[in-house]
Amino acid sequence: MVAKGVIKKGEYFDSVTLMLVARDASKIDGVIDATIVMGTAQNKSILEMSEMLLDEFRNASDNDLIIAVKAKNEAAAVSGLKSTQDLLERSRQKTTDSSEYMPKSIESAFKVLPGANMVIISVAGKYAAEEAMKALQHDLHVMIFSDNVPKDKTLEIKKLGREKGLLVMGPDCGTAIINGAPLGFANVVNRGDIGIVSAAGTGLQEVSSIISNEGGGISQGIGTGGIDMKKDFGGLSFLTGLEALIADPQTKIITLISKPPHPEVLERIGEVLKTNKKPVVAAFLGADPALVKSIGAIPASSLEEAALLSVSLSKDVSMEQFNKEIKESENKLKELAKGLAKQLQPEQKYLRGLFQGGTLAYETQVILKDMIGEINSNVPLDPTLKLADSWRSVGHTVVDLGEDEFTVGRPHPQIDFSLRNKRILEEARDKSVAIIYLDVVIGHGTNLNPGEELAPVISEARNAGNALIIVTVTGTDRDPQNKHKIVKMYKDAGAIVLERNASASRLAGYILQNPRGN
Amino acid sequence: MSELDTPSSRLGVSSFPEEGKNSVNIAAVSVGDDIDLHERRGVIHTAFRHVINCKVNGSLVSIVTPAIGSGPNNIVVDSADLTSLTGREGCICNLSVIDFSNARVFDSRPVLDERDSSEFLTNFHFLEQIVIDEASPLSCAFMLDERRAGFFSTPFETGVRDHLRHSYAGFLNGSIEEVGLLKGAGFGLTPQGDDLISGTLIAIYVYGLMKQLPTEGLRHEIYNRARTSNEISSSFLLYASLGRVYEKFKDLLDALAHDRTRIHDAASRFLGIGETSGADVSTGFIVSMKKFYKGGLPWLQKE
Amino acid sequence: MKTLDLFTSELKVINVGLTSFKESLEQEGFKVIQVDWRPPAGGDEEVMEALRKLMGK
Amino acid sequence: MVDMDKANKEALRRLVSATPKLVGMGKAIDVVPGMKKNMLLHSGPPVTWDRMCGPMKGGVIAALIYEGMAHTKEEAETLAASGQIEFSPCHHHQAVGPMAGIVSPSMPVYIIENAAFGNKSYATMNEGLGKVLRMGAYSPDVIERLKWMEEVLYPTLDRAIRFLDGMDMKSIIAQALHMGDELHNRNRGATSLFYRAIAPAIVRTTSDPLVIEKVLRFIDGNDHTFLNLSMATAKASLDPARNIEGSTMVVCMARNGTDFGIQVSGLGDEWFTAPAEVPPNALYFAGFTKDDANPDIGDSSIMETAGLGGFAIGAAPAIVQFTGGTPKDALNKTLSMYEITIGENTAYQVPYLNFRGTPTGIDVRLVVEKGLLPFIDTGIAHKNPGVGQVGAGLVDAPMEVFKKAIIAFSKKYA
């Protein structure tokens, strides 16, 4: 006969649990007796009488929990003790009935989840404002995924948030990463010391993914929605986010992402940065680097550069080293371009970019305008280049399929691939098309089978014509879709796949700058 | 016991922010009459789904769900489940995040006097029967009905049973020292011996009320002998010795004295406390009352 | 600073709207409660306005 | 601007601190305020003869024959249409009636007294199930039963009640909730408790053993005996909460089979009405369908107004099939009502919610804000007079009436 046992100091379970567990344990094969009691003098003496008092029990106190098992043999005693402890642990995880009830309002959601600190709102725009106000009045931070929130309401919300020092992410904020949690359409990234404030949804996804893929990590990824950088909204959410990251001890490097902010907003950002000691990288896509420097930030020309800069700062890589690496990869890119250009026929002249990600469509235009000239678009940098018909491409064309004109009555292109797939095949049959350029944004909330959805279309397009297909994938291997897996599928289907939009765009640029590849 | 060695490391109340940041996120329904709300910072002692025990400047304060009910040192909050309050590392609890504006004060004194005596006695056998029928197997209810002794099967269980039987009998036969053998004995976070003593303490108080006898000294002495470093158990004993009762027991006493139709509900609810606690306190209360009405308070006669 | 409180506490989310957001967060092991939301006043503007007045908003 | 929350707290306080007691019985004409010889009371908001639904018309016919004012259906109809008969809602006379809710001058009524506030309420005796006046039946056997109730049942009960020096309704309801009643669709527990209390007194105060037997069998044979008492109790408890300046608490929900109406404390006696609907997902008795059902009818929704009935369905697992689900669904139904109520009634508890008080005091603002409607756990009458009950189920109050109330409120206060 063998007795085994442990003392659990400072572990408390309600007596119901203790009793049930002990009962179950004594039913285990070979176990003669099993008990869980407080280590009081009396209980010890009772244990002694029933031959279960181990020496280590003698100095147990009134507040310690004694688990004692008596069994036929060593083996049974060990397993008996183990399963007793397992049973105890499991009892901790018991979920409660109260969670089954779905509260009807934010107020009552509190009662079910006291200590809630974040509200995500994705109801129709005209109601979103009301709910957001409630959240703020309860001192809750809020992410408003909904778009079409009335402008006056939006301002009201952002002002209140600013007053109360609460995060107001959105309206029209597609993504955020708070305490490592992916909110909305977000990627599963490493945690780390790089904090991001972004007024551009896919921009945040692209940067956080690259950082994570390069071995860096994200402390917080705060989205604000694009409207925040407009004059009337004065960057209210952006500033609160920035101040938070400056104060946050977990954040060592701060990365800012946006289309060029309104000058007044930029000024206010500069004000806040005056007090800041942390290195700040800013990708205000298309903004004048001098301006960015003037507010004390390191300018980055692209999302990719912003991400890589941030990582090397967080890893203390020297600027020389950084620039050297950039040069090397750039040369590789040019080599690759040469080889690909050779495959093109003389009549193949044009780029056709079909985008799921608004920020990426914008970035590609910013990068390519200086390399290949005018690019027509439904979201052009220069209003005169607006496509007459978004459904028909002209010359170099970049379309953002996430724009309302495409999404009315249809899910977002990051979820529903069908519309773009059709367009891809049309472009493929156009003899004047040199490059079909595609982005694929993965992560929570987006299409779960981007590989299966797109790969077949790529090979079909390759057969239909001679256009090169360049694909860039935003995301990480830890995303539900697994980046690595789908990249391989696209390559096998005959696409050139680059993992960052800026590189991919420049690759396209180099090819078109030098069509013969000589 | 100093706050430092309270065994609470993993049971912090994450949603209790630091002082000054009073983001109130939970409302109190009632506050016990022994709680001093001037001191609002404490240390978590233990935390369960329905109860969080805090040490607030030396004394134990329990934050509980309505399921547990009011008590002299309970704060009942409007939430079905406290689990989500107890997730994170760290062990400070800050009562100023609780909104007390709508809380009522719970009066923990039983509403009884000598005039209730007769009704009380006639109703007593109802309670005894309910305990015998409904108490959980390993409770002390075997002291009311020997047939229940059979529930104790394993050597340890029979050991517990016999120990409780003998030491409690000794105690009720007038040897107050036996409290030392009784306390800390048996199952549960508040060991069964302690619960029996609580039952007896309340019985002494009630008997004193009915017979208009001074019993304060006696109750105090028993408490001093019974207290251990188990703070939860000790605070139950303390209030019992002061004649302060928890809502569910107060209701039970009230039903016994004033409204027969409510006895069953009140008793069932009280028996629901812990696995055996409710039953053990009731048993102690019943056994003691019967003894006192037969032959007065045994300990007094000895002296 | 409330934002710092957020960064240093366990994230607990109330989700009003798309349940897929709740599921994503649960997959990643975060605490979420879904609100069973329905449009106030069945979406009737005039009534909502009256209500706002009464609620003192 | 008035402090509505304060006003609502006061309204709730009055509702939950009521002390309703059954003190005796009397003839409507003698005791019901404002009752006249040529007057018939009916359930719900005001309605004219031509707009009355089938069951209510049937009830009127039955009452007129019962009162001897007419001898045939046709006579009764002509009389009712002639304008010589005054129709008035029970609620305008401190009374309530289930289904058609017809009260005629010589009908006996229970008298409930709310001593705490010194007000009274009145309700007729329940006739049982099947072919009954409240369902619009007017066949001879119905009239005969009504006569027996007036001549035998009424005096017997009245004697017994007075012998007992009245009966505390609050404690019966509190206990019934612990016995699986929600006091609207299920009154079995309450009826048993009532029987337990009244039986000895009847034996004590009635000499004829045959009468005693028939009366006791009649009470025992009808699980809904207590329904009319619980309704009158709710009415007596709610009336003191009326006319509190600035209170958005609903003090009355009632249906007449044509319209659904509510009254709100801070808005005096104004009715806010909308068409009554046929309960969409009800449980119909064998042989009946939705097409047989009459739109929602009766004052019995006073139970939900007082925090019982559907609001307490979580306490009544035996009838969860009405909620089309499991006991858990029923609990969730009750839980959801806490979101539109001002507070809880600690005297009335739901055992399965750890004896939490029932959700009590509907706040119009919360209903509209959350778009969450009070639901009523009700019986359903056949649309044709005299067929009787064809089913039971949950029906949502129409959003329309709460919207109207909010508009009126903002006009008056904001």
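These are my notebook entries on two contacts and one chain of a predicted model.

**Ground rules.** I number residues from 1 along each chain as its sequence is written, letter chains from A and number ligands from 1 in the order in which they are written.

**Chain C.** I looked up the secondary structure and found three helices and two strands (DSSP runs, H or I of at least four residues for helices and E of at least two for strands, numbered from the N terminus). Along the sequence I read the pattern α-β-α-β-α. Of its 57 residues, 46% count as buried (20 or more other C-beta atoms within 10 Å of the residue's own, placed from the backbone).

**Two helices of chain A.** I then looked at helix H7 (residues 201-213) and helix H11 (residues 303-314) of chain A, whose axes come within 9 Å and cross at roughly 40 degrees (axes are lines fitted to C-alpha atoms over the stretch in contact, with angles from 0 to 180 degrees between N-to-C directions). Among the residues making the contact I noted Val207(A) and Ile210(A) of H7(A), and Ala307(A) and Val311(A) of H11(A) (contact means C-beta atoms, placed from the backbone, within 7 Å).

**Chain D against chain A.** Here I found seven residues from chain D and five residues from chain A in the contact. On the chain D side, helix H11 (residues 327-337) of chain D gives the largest share, four residues.

How values were computed
Predicted model: local features only at pLDDT ≥ 70, side-chain atom pairs only at ≥ 80, totals over all residues. Contact = placed C-beta atoms within 7 Å. Buried ≥ 20, exposed ≤ 12 C-beta atoms within 10 Å, placed from the backbone.
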